[in-house]
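Colleague: I'd like to learn how to read a model like this one. Can you walk me through it, one feature at a time?

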There are 2 protein chains.
Amino acid sequence: MTSTLKYTLNVDLGDRSYPIYIGQGLLFDEQYFAPHIAGKQVMIVTNDVVAPLYLNACRASLSRFSIQEVILPDGEKYKTLDVMNRIFDALLQKRFDRRATLVALGGGVIGDITGFAAACYQRGVPFIQVPTTLLSQVDSSVGGKTGVNHPLGKNMIGAFYQPQCVIADTSTLATLHDRELSAGIAEIIKYGLICDPEFFVWLEKNVSLLMKRDPQALAYAIERSCRNKAEVVASDERETGIRATLNLGHTFGHAIETGMGYGVWLHGEAVGAGMMMAARMSQHLGWLDEQSVERLGSLLHAAKLPLVAPSAMDVEQFLSLMQVDKKVQDGALRLVLLKGIGHAVITADYDQATLREVIESCRG
Amino acid sequence: MTSTLKYTLNVDLGDRSYPIYIGQGLLFDEQYFAPHIAGKQVMIVTNDVVAPLYLNACRASLSRFSIQEVILPDGEKYKTLDVMNRIFDALLQKRFDRRATLVALGGGVIGDITGFAAACYQRGVPFIQVPTTLLSQVDSSVGGKTGVNHPLGKNMIGAFYQPQCVIADTSTLATLHDRELSAGIAEIIKYGLICDPEFFVWLEKNVSLLMKRDPQALAYAIERSCRNKAEVVASDERETGIRATLNLGHTFGHAIETGMGYGVWLHGEAVGAGMMMAARMSQHLGWLDEQSVERLGSLLHAAKLPLVAPSAMDVEQFLSLMQVDKKVQDGALRLVLLKGIGHAVITADYDQATLREVIESCRG
């Protein structure tokens, strides 16, 4: 496959800065890997769904290095400390040293677990992200959040750790399941909603092209999403302030993922319903008008995303799970809410009764 | 107990700088804790040997906070990812948020595992070191190396993560087993050997006072050891160069610890024999004279430390285990060797035959 680079975006984090390459066939081209690898040893970490599709291509692009691989089972429920230990087993069995590079080939789970393993192996080795899902291309591969889940909470164990580069090959989106395409679009919509109202309007016009997997539209949406995220991350790498707005829909969404069992709802699906809940909550507080909520609903619907929370979960379960959130401070849960399309705020300024009412009204 | 602060030492790492307090009874005095705790929640992590001795005192000194505790089993063999997960279980069950502080109350194992848990919980929460063994007071609580062991290698999984402060209470040394006292003196001798020849001479004169647990001599030796380590760490936090000299005796020592099974030899005992092996190796290479090797031998002997490696391990096992070392680069093992007392170097400039010969000759 010949490669076509569409965009190069720089994530500006001082001496931890790195480029994101976006385009067709990049994974098949060694020139995007080699300049970012200092040593000789490379460990590719992937899963049993992605391996048959792209492992050979990735191996070919890394053929000048000494390559080993670890193939993990696919799915969010395997994003655990135990499964991460298999990466350490492989690294130690193959005598990988501190100059080794890890390559994460797969979706968000592979990226998160591999990045965290890289952060911890011998107290830190370099790694490269090769996200193969739309969601991981627009979200988890930007910003250095790595980690694993705990039975009591999602992403509760991890590190801030930046990759050497991100290689977002849009040709991999052709093999994505429809549900996963939609899940990726949920995170794309999120950027419009948080801080980019123009992009929200663009999405209202072009969501059907994304659903048809139009390469130009996808590359554009990926670049604009990554740019939005990169700007927020550059100004608040350790999430002491504004970065938390990127969590719009995630407090509700994580509760759905944990409550239903990891992997039953895709992350992006849970975030879709979660954004709708955040919008309704904002409306109840008088911060967002009905028309804006409806525009969001229409867009999520066009992307075949859920608009309501699972009926299997009751209000008490929601509230209990939402208390396990990294935005809790001294017992108070802060929520990311909306004061308009393109204007997210982080706030503890709401009453518990309204929250209960909104959760109740948003169950399917 | 009334507290007497003997020394305050600052570890200079920019915005990650922190103080080390050294003195009698400090653990019984809230003034050393409170200024370093920002939130309300405090989780004390300790083990089943230290808890009966000092947990109540530590709780009393933290009484103005909301305190919980985790009591882990004692010993190097429990420094694993699995055991670390018990800390995460407790933190999540008790709904500890990102502003919580962890307090490591115990020896090096508790400090390493708690520091690593703090580095990873919600991608990083603050922690305080309260080292209760001589070894942890002079070594593991300075410099921010945290981590756990893997069956295939010691300290292979971890993070560089700095505490808010270190509270080294010399009154806890009264309850130390003799073997552990000696193990701590091994690391103290190491600083003289690496970079402080005057201190080496002081130790030759005063080792008997240390063995008698003279409080003045212990406080002096702790302060001087920490100061030596703090200077090295401040100039090379991430161990890209000179910091590796602090590993004198550790490549041989880690092989002994892993080969004999974690906990059979104490870390300091293995480092004692390891320093002797490094000295013999340096002598074989013509870098160190016989008299210096004998001075080291006499000092280790006075501290009741082993001078030879376990006969149960053969040369092949040594060489194989030594290859799993963080100082290996592209297959070549670099060793920390001596060009004189007080002058350590890191080098790959030696031949394999000499290494084999030295290991063979140093077995007990």
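Colleague: Let's take B:Thr2: is it buried or exposed?

Modeller: Keep in mind that this is a predicted model. To judge burial, count the other C-beta atoms within 10 Å; 12 or fewer makes a residue exposed. B:Thr2 has 7 such atoms, so it counts as exposed. This residue sits in the segment before strand E1 (4-11) of chain B.

Colleague: What about a helix? Which residues of helix H12 (residues 352-361) of chain B are buried?

Modeller: Start with the general idea: an α-helix has 3.6 residues a turn, so residues three or four places apart point the same way. In H12(B), the buried residues are B:Leu355, B:Val358 and B:Ile359. They lie on the same side of the helix because they cover an arc of only 100 degrees around the axis.

Colleague: And which exposed residues are on the face turned away from that buried side?

Modeller: B:Ala353 and B:Glu360 are the exposed residues carried there. The buried residues, for their part, pack against helix H9 (267-284) and helix H11 (315-322) of chain B.

Colleague: Now the core. Which residues touch the most other members of the largest nonpolar core?

Modeller: That core has 240 residues, and the ones touching the most other members are A:Val45, A:Val103 and A:Ala278, along with B:Val45, B:Val103 and B:Ala278. Take A:Ala278 as a case. Setting aside neighbours within four places in sequence, its contacts are A:Leu248, A:Gly249 and A:Phe252, plus A:Leu335, A:Val336, A:Leu337 and A:Leu338.

Colleague: Let's zoom out to chain A. How does its radius of gyration compare with that of a compact globule?

Modeller: For 364 residues, a compact globule would come out near 21 Å; chain A has 20 Å, so the two agree. Along its principal axes, the C-alpha trace of chain A spans about 60 × 40 × 35 Å. Buried residues account for 55% of chain A, and its secondary structure amounts to 12 helices and 13 strands. As for contacts in chain A between residues at least 6 apart in sequence, 74% join residues at least 24 apart.

Colleague: Where does the domain assignment put the bounds in chain A?

Modeller: It gives domain 1 as 4-175 and domain 2 as 178-361. Their centres, taken over C-alpha atoms, are 25 Å apart. To read how they meet, look at contacts: 31 residues of domain 1 touch 30 residues of domain 2. On the domain 1 side, strand E1 (4-11), strand E2 (18-24), helix H4 (134-140) and strand E8 (153-160) of chain A each give two or more residues.

Definitions and conventions:
Residues numbered from 1 in each chain as written. Chains lettered and ligands numbered in written order. Predicted model: local features only at pLDDT ≥ 70, side-chain atom pairs only at ≥ 80, totals over all residues. Domains from an automatic or database assignment. Contact = placed C-beta atoms within 7 Å. Helix = DSSP H or I, 4+ residues; strand = E, 2+ residues; numbered from the N terminus. Buried ≥ 20, exposed ≤ 12 C-beta atoms within 10 Å, placed from the backbone. Core = buried A, V, L, I, M, F, W, Y, C linked by C-beta atoms within 7 Å. Arc of directions from axis to C-beta. Rg over C-alpha atoms; globule rule 2.2 N^0.38 Å.
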